[in-house]
Amino acid sequence: MKNNRRGLFIVLEGLDKCGKSTQTELLSEALEAKKMQFPDRSTSMGLIISDYLKGKRDINDQVIHLLFSANRWEAKNTIIETLNKGINIVCDRYAYSGVAFSSAKGLPIQWCKQCDSGLPKPDLVIYLRAPIKQLKDRGDFGAERYEKQEFQQQVQEVFDKMAQEEQFNIINAIQTKEEIFSQIMELTNDYSQNALINTIEQLWS
Ligand code: T5A
């Protein structure tokens, strides 16, 4: 999917353990895309976030929300430069996770969105949706701060609301990895062939 136009910016979202990393890997390979992930735990800010998620330090809700956002702003130029070189990006979580997780804690949605307003807007958001009951036995669910059934249920409610408002593409995450990947490829090919891909738009501004 490389030609003269800019690259496609595709984001995968969903609850913890819904399979985002698995599908990000498969899709980025298929599209010869740059693979990205938020939080990016490799930066100095990402290390603080990682310690917070692992329960090694406590940070108040507003501050950690702003750190997650700052961790995306750190990558803004990389995203724009990569897309303008005609290279696709496949990204595991983005600002929508920021809104879903922080507002599920009780922060106002508009406040949560504000600090990500102006970031590059994805072309396609794919929401891997599954009931938390069917995800809680996957991998090492429970190892990090937000991996609790009741909280994930609240996060899902926000994701479901955003899915309507932001026109997410919803895929049932309770299928085989191959079935999910084939539906993601179908969506991506369809978008790539039919959408007008112009300048990079800004998120929530
Ligand atoms: N967060 C994040 C915020 O609060 N604010 C923000 O702004 C952002 C960006 C870390 C946490 O930070 C929060 C959200 C999170 O709580 P993370 O590192 O992305 O985010 O954490 P996880 O979502 O838990 O990431 P994981 O890599 O652990 O889960 P994935 O990526 O959803 O799932 P994946 O692909 O690693 O698969 C998990 C397990 O399921 C299996 C895999 O083999 C693996 O064992 N699996 C399947 N099993 C059955 N059927 C399938 N179809 C499967 N697909 C994968």
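Me: Thr-82: is this residue buried or exposed?
Reply: A residue counts as buried under 20% relative accessible area. In this predicted model, Thr-82 has a relative accessible area of 8%, so Thr-82 is buried.

Me: Where does Thr-82 sit, and which residues is it in contact with, leaving aside neighbours within four places in sequence?
Reply: Thr-82 belongs to helix H4, residues 76–84.

Me: Now Gln-152. Is this side chain's residue buried or exposed?
Reply: Apply the 20% cut-off again. Gln-152 has 0% relative accessibility, so Gln-152 counts as buried. Its place is in helix H7, residues 149–165.

Me: Which residues is Gln-152 in contact with, leaving aside those within four places in sequence?
Reply: Leu-15, Asp-16, Phe-101, Ile-132, Phe-141, Tyr-146 and Glu-147.

Me: How do I read the sheet? What is the strand order?
Reply: Strands of a sheet pair through backbone hydrogen bonds, either parallel or antiparallel. Here five strands make an open sheet, ordered E2-E3-E1-E4-E5, with parallel pairing.

Me: Which strands stand at the edges?
Reply: Strand E2 (34–37) and strand E5 (169–172). Each has a single partner strand, so one side of each lacks a neighbour in the sheet. On average, neighbouring strands of this sheet are turned by 25 degrees against each other, direction ignored.

Me: How many bridges join E4 and E5?
Reply: Four bridges, in the parallel sense; E4 covers residues 124–129.

Me: On to the nonpolar core. Which members touch the most other members?
Reply: A core is a set of buried nonpolar residues joined through side-chain atoms within 4.5 Å. The largest one here has 59 residues. Tyr-94, Tyr-96, Leu-128 and Phe-159 touch the most other members.

Me: What is Tyr-96 in contact with, leaving aside neighbours within four places in sequence?
Reply: Its contacts include Val-11, Pro-122, Val-125, Phe-159, Met-162, Phe-168, Leu-203 and Trp-204. Glu-13 and Glu-166 are also on the list for Tyr-96.

Me: Last, the ligand. Which residues around it come nearest?
Reply: Lys-17, Lys-20, Ser-21, Thr-22 and Arg-93, out of 25 residues around the ligand.

Me: What distances separate polar side-chain atoms of Arg-72, Arg-93 and Lys-177 from an oxygen atom of the ligand?
Reply: For Arg-93 the distance is 2.6 Å. For Arg-72 it is 2.7 Å. For Lys-177 it is 3.2 Å.

Notes:
Residues numbered from 1 in each chain as written. Predicted model: local features only at pLDDT ≥ 70, side-chain atom pairs only at ≥ 80, totals over all residues. Heavy atoms only, no water. Buried < 20%, exposed > 50% of the residue type's maximum accessible area, 1.4 Å probe, protein only. Contact = heavy atoms within 4.5 Å. Pairing = 2+ DSSP bridges. Helix = DSSP H or I, 4+ residues; strand = E, 2+ residues; numbered from the N terminus. Axes fitted to C-alpha atoms, helices over the stretch in contact; angles between N-to-C directions. Near = heavy atom within 4 Å. Polar contact = N/O pair within 3.5 Å; in protein donor to acceptor, adjacent residues only side chain to side chain.
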